[in-house]
Amino acid sequence: MVGRGGGGGGGFFLPCFGSRMPDSEPEPEPDRDPVLLVSGIGGSIIHAKNKKFFGLQTRVWVRIFLSDLVFRENLISIYNPDTGYTECVDDNIEILVPDDDDGLYAIDILDPSAVVKCLHVDDVYHFHNIIDMLVGCGYKKGTTLFGFGYDFRQSNRIGKAMDGLKAKLETASKASGGRKVNIISHSMGGLLLSCFMSLHNDIFSKYVNKWIAIACPFQGAPGCINDCLLTGLQFIEGYESQFFVSRWTFHQLLVECPSIYEMLGNLGFNWHAQPQIQVWQKSSVDGKTSVELKSYGPTDSIALFEEALRNNQIKFHGKTIPLPFNLDVLKWATGTRQVIDNASLPDGISFYNIYGTSFDTPFDVCYGSESLPIEDLSEICKTLPQYSYVNGDGTVPSESAKADGFEATERVGVAASHRGLLKDETVLQLIQKWLGIDEKVSKHLTTSKVFDASLK
């Protein structure tokens with residue numbers, strides 16, 4: 001089933017955004033099961049607490065102004081194989097995710113500064129539209145609406161994340177009088193929930209009623225992740241990127257993040273075609289120079305990562321820190337993939353999957369060209385990729401996002417981008433339908449506005 005969100009003629013009925021007519025009788029309190037919103041990678045505000053400066057906290061993610069400088073000073077990290085955690089290079093820095101507003105503050109507007117709100121910089125409005133919709137439907141923060149943000153550098157199965165999610169489920173259930181919780185996850189948040197369901201199936205069964213997964217890379221996002229490990233990530237495109245964290249700075253963090261390695265293409269998944277990394281390579285044999293397009297499949301790519309990143313390093317406060325492809329992180333991520341593959345949906349829990357369609361989504365990645373070939377593989381890190389595309393949301397292939405492996409109540413493809421799905425009107429309508437809101441609200445509203453979102 002494929003829906004198209006956004007503008008266009010016609011419309012559908014979104015009762016929760018309606019206006020109420022005056023009534024002599026008081027409105028009945030909406031009957032709501034609690035909802036927990038779970039963000040994905042890059043979808044939580046992160047603060048750095050500096051122990052040297054009396055515990056001063058600085059927002060390091062997301063911020064528009066001085067973003068690259070603050071990011072480099074506080075968030076550059078090294079993976080610790082003894083603990084499984086990625087730790088800041090600066091020992092005085094502690095990374096925190098604020099839990100204000102019952103966890104919703106950290107996943108609402110990712111740069112909540114007055115300037116950003118005034119200019120309405122749409123790129124950092126994350127769960128904002130869904131939160132507004134749910135509040136308009138009668139959900140109350142701290143009683144029936146909660147958020148869960150987390151340190152997205154870390155593994156999706158790491159202890160702190162699992163403990164934090166358990167505590168949040170307990171809080172949401174208790175605050176609503178012992179009701180079961182409906183979860184809405186975005187992107188990598190779905191992998192976090194898969195890990196939790198695999199490792200703590202009894203707790204998931206005890207507290208969860210429904211799970212709506214949006215844009216989850218269940219089988220990975222090979223094109224984007226392969227390139228992230230080789231050249232970094234451009235979170236914002238266009239002229240706005242000049243005010244944001246640079247691609248190179250992102251790269252130096254991502255090579256030490258288990259969460260990134262855990263989104264590599266699943267080797268055990270039956271892809272329509274195996275994702276490839278291609279390199280135009282120049283070589284000389286017996287004085288003769290040739291240029292050849294070489295392809296590296298998922299297994300061969302590991303050797304390519306090692307060779308391309310062998311000289312990767314960063315300077316931090318006068319010290320040179322090597323940041324090669326991390327085989328310890330890869331080993332951990334391989335264990336996480338096994339955990340995800342072992343996840344099973346408990347009886348009695350309804351699962352719904354929304355995946356993005358109609359956007360060119362990176363799948364194969366190519367570096368160099370026949371006229372400008374790569375002589376040494378380490379040069380890849382200084383080049384920009386060329387992609388071959390498949391259908392998806394611009395980040396996650398539809399093939400991966402809809403291959404959840406669960407007995408879904410419903411799967412729906414929506415023509416929207418990866419982050420755009422969180423504001424898409426068709427998605428908002430589906431959430432209301434699956435939460436059972438529309439039927440309940442229509443009993444209490446005498447008039448409602450109609451929102452334009454025709455299915456073209």
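Helices, of at least four residues, and strands, of at least two, are DSSP runs numbered from the N terminus. The model is predicted.

**Exercise 1. Backbone geometry in loops**

Task: Determine where alanine 215 lies, and state whether alanine 215 is buried or exposed.

Solution. 
Step 1. Alanine 215 is placed in the loop between β11 (208–214) and α7 (222–231).
Step 2. Its phi is near 55°, which is a positive value in a residue other than glycine.
Step 3. Buried means under 20% relative accessible area. Alanine 215 has a relative accessible area of 0%, and is therefore buried.

Task: Carry out the corresponding analysis for serine 187.

Solution. 
Step 1. The loop between β10 (181–186) and α5 (189–199) contains serine 187.
Step 2. For serine 187 phi is near 55°, again positive in a residue other than glycine.
Step 3. The relative accessibility of serine 187 is 5%, so this residue counts as buried.

Task: Describe the peptide bond from tryptophan 61 to valine 62.

Solution. 
Step 1. Omega of this bond is near 0°, and the bond is cis.
Step 2. Valine 62 belongs to the loop between β5 (56–61) and α1 (67–74).

**Exercise 2. Salt bridges**

Task: Find how many salt bridges there are, and examine the pair of aspartate 31 and arginine 179.

Solution. 
Step 1. Side chains of opposite charge can pair when their charged atoms come close. The cut-off is a side-chain nitrogen of Lys or Arg within 4 Å of a carboxyl oxygen of Asp or Glu.
Step 2. By this rule, the count is 15 salt bridges.
Step 3. Aspartate 31 and arginine 179 form a salt bridge with an N to O distance of 2.5 Å.
Step 4. This pair links distant parts of the chain, 148 residues apart: aspartate 31 is in the loop between β2 (12–13) and β3 (35–38), and arginine 179 is in the loop between α4 and β10.
Step 5. Aspartate 31 has a relative accessible area of 41% and is partly exposed; arginine 179, at 31%, also counts as partly exposed.

Task: Explain why the pair of aspartate 111 and arginine 59 ties together parts that are separate in sequence.

Solution. 
Step 1. The side chains of aspartate 111 and arginine 59 meet in a salt bridge of 3.0 Å, N to O.
Step 2. Because aspartate 111 lies in the loop between β8 and α2 while arginine 59 lies in strand β5, the pair ties together parts 52 residues apart in sequence.
Step 3. Both aspartate 111 and arginine 59 are buried.

Task: Characterise the salt bridge between arginine 310 and glutamate 307, then identify which residues are joined into one network by shared partners.

Solution. 
Step 1. The closest N and O atoms of arginine 310 and glutamate 307 are 2.9 Å apart.
Step 2. Arginine 310 is partly exposed at a relative accessible area of 35%, and glutamate 307 is partly exposed at 33%.
Step 3. Salt bridges that share partners join Asp31, Asp33 and Arg179 into one network.

**Exercise 3. The second largest pocket**

Task: Describe the volume and lining of the second largest pocket.

Solution. 
Step 1. The second largest pocket holds about 650 Å³ of space.
Step 2. Its lining comprises 27 residues, of which Ile95, Leu96, Asp151, Gln154 and Lys160 are the closest to the centre.
Step 3. Two or more lining residues come from each of β7 (85–88), β8 (93–96), β9 (145–148) and α4 (159–175).
Step 4. By class, the lining has 11 nonpolar, six polar and 10 charged residues.

Conventions:
Residues numbered from 1 in each chain as written. Predicted model: local features only at pLDDT ≥ 70, side-chain atom pairs only at ≥ 80, totals over all residues. Heavy atoms only, no water. 1 Å grid on protein atoms, 1.4 Å probe; cavity = no way out; pocket = protein on both sides within 12 Å on 5 of 7 lines; lining within 4 Å. Points joined across faces, edges and corners; volume = space filled by probe spheres on them. Nonpolar A, V, L, I, M, F, W, Y, C, P; charged D, E, K, R; others polar. Buried < 20%, exposed > 50% of the residue type's maximum accessible area, 1.4 Å probe, protein only.
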